[in-house]
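Please work through each task before reading its solution.

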Amino acid sequence: MAYKTELNRVRGLGPAGHGGGHWIVHRATAVANILLIGWLFLSILMLPDYSFEVVSAWMARPLVAFLLIAILANTMWHAKMGLQVMFEDYVHDAGMKLITLMLLNLYIFGIAGFGIFAVAKHAFTGVAG
C-alpha cells in the first residue's frame, strides 16, 4: 500500500496523463524550422544566379549540405508529430489507429530517408541525377 496524498498521485499527469514533452518538442521543431527555412531563403537569395551549375556547387558545400539535411529531418519530424496527434485524436478504433500510425511512420521516414540520401549523394559526389 502506497502512502501518497491525492495531490502527489496525480501531480504532473495532466488531463491525458502524458503529452507535455511531445508538445514542447513540437514547438522546438517549429522554432528550428523557422530558423532553418529563414537561412535557406536568405542563402538562396544571395546566390549570384540560379543556374544549375551555381546551385549545384552551392549544394555540394559541406555546411549547406548539413543544413539541408537538418531541414529535411526537422521538417519531417515536425510533420510526423503534428499528424500523429491528429490521428490519435480523430481515429477512434484502436486497430485502425495502429495501422494509421504505422503508415504515417513509414511515409515520413521514407520521405526523409530519400531526401537525405539525395542531398548526401549530391554533397559527396557533386552529381545531381
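## Rings and their partners

In this predicted model, the charged end of Lys-80 sits over the ring of Trp-77, at 5.2 Å from the ring's centre.

**Exercise 1.** Classify the pair formed by the rings of Trp-77 and Phe-109 as stacked, edge-to-face or tilted.

*Solution.* Begin with the distance: the ring centres of Trp-77 and Phe-109 are 6.3 Å apart, and rings pair if their centres lie within 6.5 Å. Next take the angle: the planes of Trp-77 and Phe-109 stand at 45°, so the pair is tilted. As for location, Trp-77 belongs to helix H4 (residues 62-90) and Phe-109 to helix H5 (residues 94-125), so that the pair links distant parts of the chain, 32 residues apart.

**Exercise 2.** Decide whether Trp-77 is buried, partly exposed or exposed, and do likewise for Phe-109.

*Solution.* Buried means under 20% relative accessible area and exposed means over 50%, with partly exposed in between. Trp-77 has a relative accessibility of 37% and therefore counts as partly exposed; Phe-109, at 45%, also counts as partly exposed.

**Exercise 3.** Find how many aromatic pairs there are, and then classify the pair of Trp-39 and Trp-58.

*Solution.* The count comes to two aromatic pairs. The ring centres of Trp-39 and Trp-58 are 6.1 Å apart with their planes at 20°, so this pair is stacked. The pair links Trp-39 in helix H2 (residues 20-45) with Trp-58 in helix H3 (residues 52-59), 19 residues apart. Finally, Trp-39 is partly exposed at 23% relative accessibility, whereas Trp-58 is buried at 7%.

Conventions: Residues numbered from 1 in each chain as written. Predicted model: local features only at pLDDT ≥ 70, side-chain atom pairs only at ≥ 80, totals over all residues. Heavy atoms only, no water. Phe/Tyr/Trp six-rings, centres within 6.5 Å; stacked < 30°, edge-to-face > 60°. Helix = DSSP H or I, 4+ residues; strand = E, 2+ residues; numbered from the N terminus. Buried < 20%, exposed > 50% of the residue type's maximum accessible area, 1.4 Å probe, protein only. Lys NZ or Arg CZ within 6 Å of the ring centre and 35° of its normal.
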